[in-house]
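Hello,

Here is the structure I promised to pass on to you. Please open it alongside this email, and my notes follow below.

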There are 4 protein chains.
Amino acid sequence: MSGGIRPIGVGMLGYAFMGKAHANGYKKLSYMAWPPPLMPRLVSIAGRNEEAVSAAAVRYGFERHVTDWHELVTDPEVELFDNSGPNNLHAEPTIAAAEAGKHVICEKPLGRNAGESYDVWQRVAATGVKHMTAFNYRFVPAVRLARQLIEAGELGEIYHFRGRYLQEWGPTTEEVWRFDKKLAGSGALGDLAAHVVDLARYLVGEIASVSGTTHTFMPGREVDDAVESVAEFEGGAVGTIEATRFATGRKNAFSWEINGSKGSLAFDLERLNELEHSEGTKGFRRILVSEADHPFWQWWWPHGHIIGWEHTFVHELHHLLDAIAGNGEVAPHGATLEDGYRAAEVCDAILRSAESGRREHITYR
Amino acid sequence: MSGGIRPIGVGMLGYAFMGKAHANGYKKLSYMAWPPPLMPRLVSIAGRNEEAVSAAAVRYGFERHVTDWHELVTDPEVELFDNSGPNNLHAEPTIAAAEAGKHVICEKPLGRNAGESYDVWQRVAATGVKHMTAFNYRFVPAVRLARQLIEAGELGEIYHFRGRYLQEWGPTTEEVWRFDKKLAGSGALGDLAAHVVDLARYLVGEIASVSGTTHTFMPGREVDDAVESVAEFEGGAVGTIEATRFATGRKNAFSWEINGSKGSLAFDLERLNELEHSEGTKGFRRILVSEADHPFWQWWWPHGHIIGWEHTFVHELHHLLDAIAGNGEVAPHGATLEDGYRAAEVCDAILRSAESGRREHITYR
Amino acid sequence: MSGGIRPIGVGMLGYAFMGKAHANGYKKLSYMAWPPPLMPRLVSIAGRNEEAVSAAAVRYGFERHVTDWHELVTDPEVELFDNSGPNNLHAEPTIAAAEAGKHVICEKPLGRNAGESYDVWQRVAATGVKHMTAFNYRFVPAVRLARQLIEAGELGEIYHFRGRYLQEWGPTTEEVWRFDKKLAGSGALGDLAAHVVDLARYLVGEIASVSGTTHTFMPGREVDDAVESVAEFEGGAVGTIEATRFATGRKNAFSWEINGSKGSLAFDLERLNELEHSEGTKGFRRILVSEADHPFWQWWWPHGHIIGWEHTFVHELHHLLDAIAGNGEVAPHGATLEDGYRAAEVCDAILRSAESGRREHITYR
Amino acid sequence: MSGGIRPIGVGMLGYAFMGKAHANGYKKLSYMAWPPPLMPRLVSIAGRNEEAVSAAAVRYGFERHVTDWHELVTDPEVELFDNSGPNNLHAEPTIAAAEAGKHVICEKPLGRNAGESYDVWQRVAATGVKHMTAFNYRFVPAVRLARQLIEAGELGEIYHFRGRYLQEWGPTTEEVWRFDKKLAGSGALGDLAAHVVDLARYLVGEIASVSGTTHTFMPGREVDDAVESVAEFEGGAVGTIEATRFATGRKNAFSWEINGSKGSLAFDLERLNELEHSEGTKGFRRILVSEADHPFWQWWWPHGHIIGWEHTFVHELHHLLDAIAGNGEVAPHGATLEDGYRAAEVCDAILRSAESGRREHITYR
């Protein structure tokens with residue numbers, strides 16, 4: 001059954017946007033990233049609204065549902081705890097699951113601030129389980145290809161990183177947990193800028209200092225709507241990190257550009273199958289990242305038959321299962337909880353700079 | 001179980017490229033296009049190579065596999081026969097399945113020529129089952145949106161359709177069934193130009209005449225490598241229909257443009273999430289087709305979180321299940337076997353024109 | 001004075017769109033393409049409307065104006081006759097000027113049909129003067145670069161040429177000479193498709209046959225509004241040649257693509273400073289054609305400081321002056337009157353095909 | 001002669017890149033922006049290298065040349081002093097010319113720092129002559145159109161401005177005056193970032209504070225190679241201002257984006273004929289800024305026949321002549337010397353922030 005592949009029991013917290021994306025990831029990798037290192041078995045899903053969580057269980061094929069996440073932690077059939085819940089439910093359940101011996105993956109941002117993130121990382125790391133922060137954009141084929149090109153020296157010395165994550169839904173007057181400071185910790189910062197920071201670290205390296213500002217356009221809103229910052233990297237590159245929910249006309253435009261002495265790369269998440277590469281000063285070539293030898297592509301289709309946003313989760317969860325199965329480590333291509341913490345430290349420094357009006361240096365605890 | 005949704009037994013012929021795409025479609029619609037009108041139950045898969053087909057059955061979760069497609073036809077648990085096999089296996093199995101009372105979907109081109117396609121259609125239609133030709137590009141959200149805009153009169157009178165399907169793998173020296181005239185019927189014509197013809201008919205209407213040429217670049221190859229033709233539509237529009245496997249640098253570039261008196265639309269399959277629309281002469285706006293009210297989008301993600309090529313099959317198979325469940329008909333948004341036949345008639349006319357050097361009028365039998 | 005550069009007296013017929021473009025060309029090359037091979041001296045300009053032509057003379061700096069073009073022909077100070085008049089005034093004045101010993105440049109299309117074009121070419125060629133048909137798009141830097149790449153073998157064997165010239169102003173109800181068959185000869189065919197044919201010949205080579213259609217959308221209009229055709233080249237390439245004045249949203253979109261065994265090129269006149277080049281199957285690189293070693297760029301600006309449509313005339317007229325000064329020939333980079341005739345022969349064949357419904361072979365007289 | 005248009009004598013300092021651009025501007029506007037408000041008469045050109053300046057005089061048609069700029073100031077036939085010299089020659093000659101009663105236009109940056117710029121402005125303004133800082137990008141048709149759309153309220157409340165000016169030639173080891181701090185004042189800051197600051201002010205309004213950094217990649221170079229900064233606007237918008245000479249593959253990529261509550265605009269100087277406009281959240285429409293009713297277009301060609309970088313100077317110098325002729329003022333569409341000073345004040349604040357590590361508030365003297 002299932003080709004004799006060893007199963008792994010998954011317990012998931014959350015059934016909304018991220019829960020749907022993760023559930024789809026497990027189901028899809030089971031036959032597309034074939035053969036999977038472990039065969040996900042959707043054991044249990046937790047959510048407070050029984051009607052909604054039971055419907056989600058039926059829809060996604062979880063064997064059971066619970067309304068208290070502690071039951072996932074004590075469930076002996078759950079071997080991997082997948083935290084797709086809101087930010088205020090990241091720390092405690094993730095720590096509890098790890099301390100119960102379960103591998104953990106937690107959505108980003110890891111905590112509502114650097115301190116909380118640090119605690120999660122430390123507590124989880126002490127248990128020895130495999131752990132991952134779900135920075136799924138590391139698993140866009142074009143992003144992995146960018147990393148490969150940079151590691152191979154194709155860009156030479158890196159001069160610049162410019163990253164911006166632009167969305168447009170900020171002017172909504174709907175009540176969503178993402179605007180509630182207690183639940184979310186921050187606004188565009190933890191939601192969007194954290195992704196920019198993570199890819200900056202993944203592609204260019206550690207950030208030495210930041211200076212910038214945050215801004216809330218919507219009267220009465222507790223969290224930031226936009227983040228603007230300048231970053232200096234330890235390796236000598238300089239650039240910008242920006243994020244906003246107030247970029248009318250931009251749906252999900254996480255774009256970045258890296259300039260090096262030997263070439264440049266450019267990317268836009270709205271066209272995530274493409275990587276633009278200027279070899280030297282020759283001009284930008286549009287690579288449709290879908291060749292047989294491109295990252296992750298062995299699982300998919302003939303070249304030119306593009307994939308979607310959701311596939312980043314297939315790649316990410318496959319990577320995690322590989323690590324759990326003993327095929328390599330989560331790092332460096334997956335973000336560990338340490339990476340989750342480090343991103344939070346940079347985000348907190350931007351907040352500090354916004355308040356202090358000063359360039360803030362990043363120091364890790 | 002499965003939320004109490006009525007199951008439908010699926011028997012599939014073929015496990016290669018198209019088989020993988022269809023299998024993924026059934027699995028995915030079961031939880032993403034929720035609730036599905038019928039719950040696909042993957043009963044049996046057929047293929048001549050037992051090792052390969054049994055592996056495919058395990059991978060995709062079919063309950064059993066067979067090496068003779070006739071067993072699908074006689075299998076009482078198969079209610080829907082999915083023909084994802086090569087072109088030479090389209091006619092006989094599809095007819096046999098329909099005559100055994102099973103609904104059928106058949107990959108394109110329906111037959112290896114118009115005559116064979118006509119027979120399939122006539123024989124299947126006589127049985128009263130639901131039937132579909134798998135012209136999946138009708139199920140790209142941007143294509144459906146284009147159809148909606150045209151139907152709403154947003155383009156006014158249609159002047160032009162220009163469609164071209166460009167791929168680059170033609171120079172290969174590998175032996176593939178697509179180069180074998182007995183198996184494939186034709187080359188770029190049935191494989192690629194048929195898609196162009198189908199969307200031309202779906203978006204603009206019936207074609208009155210064609211004139212053109214086919215060309216084989218590779219010495220010794222039996223089938224056409226490229227098709228170039230001029231088309232005149234019954235409604236008065238004129239344009240071109242082109243397809244080639246020799247467009248170096250183009251991976252899967254099925255692009256079309258439609259010009260009307262009130263506006264124009266443009267599309268490229270390599271960026272299938274986008275539709276370009278010029279309202280009047282105002283210039284082309286890039287619509288990222290991912291808003292909540294865009295076609296098919298209720299099943300997916302927040303806007304800007306793009307989908308991939310494979311999702312066209314999710315939409316297509318869902319549409320078929322809807323028709324089987326009694327929620328509307330396959331036509332006009334799905335291609336019936338009649339549409340499969342009609343596309344073949346246009347393709348044959350291009351072939352005739354290539355040989356005769358004359359403009360050939362389309363007449364349907 | 002003028003740096004001691006030998007002057008050449010220019011007499012121009014026409015002061016409208018093309019007259020403005022040519023006048024600007026002469027004035028600009030005098031100091032930008034420095035030092036010019038000959039220094040243009042704007043001697044005389046001819047037009048029937050005295051008020052308008054005298055105003056044009058003042059505006060552009062012609063020493064005098066005349067209302068009868070014969071006076072240009074008999075003017076001893078006119079050494080170069082520039083025919084920027086409407087199509088019906090191409091043949092007789094151009095022949096007369098050449099027979100009076102003046103070098104000639106004539107706007108395209110050379111004649112209103114192939115027969116008239118042939119006569120102009122033959123009569124002018126017999127005189128021994130330098131002659132040019134003003135196919136200015138040969139003088140776009142990106143087009144010249146394309147030619148260089150093709151000549152250097154960078155594209156390998158050429159498989160395809162697809163050229164389309166799309167404009168949108170056709171629905172106008174204004175009376176313009178371009179809609180009058182006696183004055184213009186044809187519509188989109190001679191105006192736009194002729195450019196496509198000329199670049200097809202310049203970049204890919206002679207055309208062996210065409211089949212296609214023309215169409216007039218506007219009731220009562222004498223000339224064609226659109227041209228759709230398939231072309232087969234002597235060298236084995238196949239493709240399409242299209243032109244229309246009914247492509248709503250397209251302002252001046254002369255785009256072409258060439259696919260070869262080693263790579264592909266793509267171009268769009270609305271972005272005339274760019275050439276897209278796929279080296280092999282690597283994907284299209286956007287070359288901003290403005291490097292110091294790019295064609296014509298020694299006269300202009302630092303790279304990236306783009307030029308405009310009008311600059312094609314600067315390059316073209318400079319090329320003609322070079323030939324007159326004895327620095328090389330008009331051919332192959334400039335279009336001679338023979339090239340003007342040959343383009344007309346292809347255009348006439350498209351017309352014949354439109355009427356006969358047959359593939360028409362091109363034979364030159 | 002010259003249509004009876006009143007002449008204005010021009011004396012120009014400098015004959016290199018900017019001298020060529022300005023000379024071309026005067027010559028071209030004389031017949032293209034017809035009828036010009038005043039007819040430029042190229043009286044005298046100054047440069048230290050006699051051979052070079054005399055050649056330039058012949059080439060561009062100046063009546064005489066001088067090797068000492070003071071002679072331009074004392075030349076009674078010079079009515080307009082055009083300072084196209086290097087930055088260290090901006091202040092003294094411009095002041096001297098104005099105090100001699102000549103109108104002045106000075107290349108940017110106005111001075112080598114805010115103090116010098118302030119002095120020039122004050123001294124010149126006191127004389128009552130017309131004055132302009134040559135921020136030519138205000139005269140790109142797409143930029144003027146952007147301003148019109150913003151003024152008409154089409155963008156609503158402005159949330160963001162993101163501007164970056166990217167070039168790639170920084171790694172050169174050539175000695176150019178732009179790397180000499182005494183001559184240039186600064187590097188990418190005054191050369192490129194000053195343009196970004198000027199358009200930010202022109203389109204969005206005054207900047208309240210900046211924080212950022214400058215960086216020099218090339219060992220031993222005196223001036224900055226790159227500038228990265230966050231800007232807060234008085235009106236409440238926040239964003240970034242960046243400039244670099246180390247963006248390999250970017251030739252002249254001055255791009256900016258503005259997001260407002262009702263829509264967004266985006267622009268890239270490498271495609272200067274285009275403006276992208278999202279009306280609300282509808283997605284970005286590519287406007288080819290070349291319609292008859294678009295800014296400056298009445299002087300040029302049928303729509304779609306694009307113009308080049310050099311044309312910004314035609315528009316700019318025409319605007320200045322209009323002001324001198326009494327047809328309106330230099331401000332607000334032209335940059336006055338006050339605008340030149342204000343841009344310098346912002347640039348200086350970025351420098352201060354780079355050194356202090358603090359957010360610096362802009363105060364004008």
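**Where chains D and B meet**

Seven residues of chain D and seven residues of chain B make up the contact between these two chains, where two residues are in contact if their C-beta atoms, placed from the backbone, lie within 7 Å. Sorted by class, the side of chain D that touches chain B has three nonpolar, one polar and three charged residues. For these classes, Ala, Val, Leu, Ile, Met, Phe, Trp, Tyr, Cys and Pro count as nonpolar, Asp, Glu, Lys and Arg as charged, and the others, Gly among them, as polar.

Before you read on, please note that this is a predicted model, in which local features need pLDDT of at least 70 and side-chain atom pairs count only at pLDDT 80 or more, while totals for chains, interfaces and linings use all residues. Residues are numbered from 1 along each chain as its sequence is written, and chains are lettered from A and ligands numbered from 1 in the order in which they are written.

Copies are superposed by least squares on the C-alpha atoms of residues with pLDDT of at least 70 in both.

**Where chains A and D meet**

This contact takes 37 residues from chain A and 37 residues from chain D. On the side of chain A that touches chain D, the elements giving two or more residues are β7 (158–166), β8 (207–215), β9 (226–233), β10 (238–244), β11 (253–260) and β12 (263–268) of chain A. Helices (H or I, at least four residues) and strands (E, at least two) are DSSP runs, numbered from the N terminus. That side of chain A has nine nonpolar, 21 polar and seven charged residues.

Chain A, too, can be laid on chain D by a turn of 180° and a shift of 0.0 Å along the axis, with an RMSD of 0.0 Å. This is the relation of a two-fold axis. The C-alpha of chain A nearest the axis belongs to A:Arg358, 2.2 Å from it. The copies meet through the same surface, because 100% of the interface residues of chain A are also interface residues in chain D.

**Chain A as a whole**

There are 10 helices and 15 strands in chain A. Its radius of gyration (taken over C-alpha atoms) is 20 Å, close to the 21 Å that the globule rule gives for 365 residues, so chain A is as compact as a globular protein of that length. The rule is 2.2 Å times the number of residues to the power 0.38. Taken along the principal axes, the C-alpha atoms of chain A fill a box of roughly 55 × 50 × 40 Å.

Of the 365 residues in chain A, 66% are buried. A residue is buried if 20 or more other C-beta atoms lie within 10 Å of its own, exposed if 12 or fewer, and partly exposed in between, with C-beta atoms placed from the backbone. Among contacts in chain A between residues at least 6 apart in sequence, 68% join residues at least 24 apart.

**Some local details**

- In chain C, helix α4 (residues 91–99) and helix α5 (residues 114–125) pack at an angle of about 10°, with their axes 9 Å apart. Axes are lines fitted to C-alpha atoms, for helices over the stretch in contact, and angles run from 0 to 180 degrees between N-to-C directions.
- B:Ala184 is in helix α7 (residues 181–184) of chain B and counts as buried, with 21 C-beta neighbours inside 10 Å. Leaving aside neighbours within four places in sequence, B:Ala184 is in contact with B:Asn87, B:Trp177, B:Arg178, B:Gly190 and B:Val223.
- The peptide bond from A:Ala331 to A:Pro332 is cis, with omega near 5°, and A:Pro332 sits in the loop between α9 (311–324) and α10 (337–356) of chain A.
- D:Phe296 has phi near 70°, a positive value in a residue other than glycine. D:Phe296 is buried, with 21 other C-beta atoms within 10 Å.
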